Amino acid sequence: QVQLVESGGGLVQAGGSLRLSCAASGRTYSKFVMGWFRQAPGKEREFVTTIRWSGGSTYSADSVKGRFTISRDNTKNTVYLQMNSLKPEDTAIYYCAAGYDHLFTMATSLGRPELYDYWGQGTQVTVSS
């Protein structure tokens with residue numbers, strides 16, 4: 001079992017920055033892909049970005065490339081999402097997720113939420129115009 005706890009959300013003006021954290025506890029993280037997803041009111045959950053705990057390779061949605069950066073700190077078992085140049089359309093609840101690495105056989109599969117077994121409770125990010 002893996003427990004994920006997000007933090008760092010809040011209210012920010014357009015053009016501003018926020019850093020989200022996802023603290024993981026439980027099992028062996030080297031076997032996992034860690035992802036960030038988001039869900040805006042009335043919309044489906046949307047893939048944002050992922051990182052493989054082992055090796056550190058990343059994969060991001062086109063909508064956030066160049067603005068958002070995912071990273072991990074192995075010593076703290078924590079994954080971060082640095083969000084810069086925020087836009088009102090980035091407003092959503094942001095969720096951290098963990099999935100078993102061997103399930104992600106293609107890069108495109110990294111964006112499939114159904115392949116992630118563990119989810120945090122989410123943290124609200126609101127970007128005002």
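**From one residue to the whole chain**

Val64 counts as buried because its relative accessibility is 0%; buried means under 20% relative accessible area, exposed over 50%, and partly exposed in between (1.4 Å probe, protein chains only). This is a predicted model, in which local features need pLDDT of at least 70 and side-chain atom pairs count only at pLDDT 80 or more, while totals for chains, interfaces and linings use all residues. Residues are numbered from 1 along each chain as its sequence is written, and side-chain values use heavy atoms, with hydrogens and water left out.

Val64 sits in the loop between strand 6 (58–60) and strand 7 (68–73). Helices (H or I, at least four residues) and strands (E, at least two) are DSSP runs, numbered from the N terminus. Not counting residues up to four places away in sequence, Val64 touches Arg38 and Val48, where contact means heavy atoms within 4.5 Å. Val48 is 16 residues from Val64 along the chain, and their C-alpha atoms are separated by 7.0 Å.

At 6% relative accessibility, Arg38 counts as buried. Its side chain meets that of Glu46 in a salt bridge (2.8 Å, N to O); the term stands for a side-chain nitrogen of Lys or Arg within 4 Å of a carboxyl oxygen of Asp or Glu. Glu46 is partly exposed, with a relative accessible area of 33%. Arg38 also forms a salt bridge with Asp90 (2.9 Å, N to O). Arg38 lies in strand 4 and Asp90 in the loop between strand 8 and strand 9, so this pair ties together parts that are 52 residues apart in sequence. Asp90 counts as buried, at 0% relative accessibility. Arg38, Glu46, Arg67 and Asp90 are linked in a network of salt bridges. Asp62 forms a salt bridge with Lys65, the closest N and O atoms being 3.2 Å apart, and Asp62 is exposed, with a relative accessible area of 64%. The count for the protein comes to 6 salt bridges.

Next come the strands. Strand 5 has 6 of its 7 residues buried. Strand 4 and strand 5 pair in the antiparallel sense over 6 bridges; two strands pair if DSSP finds at least two bridges between them. Ile51 in strand 5 is the bridge partner of Met34. The hairpin of strand 4 and strand 5 has 6 residues between the strands, and Gly42 there takes a positive phi near 75°. Strand 5 also pairs with strand 6 in the antiparallel sense, over 3 bridges, and Thr50 stands opposite Tyr59 in strand 6.

The largest nonpolar core holds 39 residues, of which Leu4, Met34, Trp36, Met83 and Tyr94 touch the most other members. Such a core is a set of buried Ala, Val, Leu, Ile, Met, Phe, Trp, Tyr and Cys residues joined through side-chain atoms within 4.5 Å. Strand 9 gives the largest share of this core, 6 residues. Leaving aside neighbours within four places in sequence, Met83 is in contact with residues including Leu18, Leu20, Phe68, Tyr94 and Val125.

Overall, the protein has 0 helices and 11 strands. Buried residues make up 45% of its 129 residues. Among contacts between residues at least 6 apart in sequence, 59% join residues at least 24 apart.
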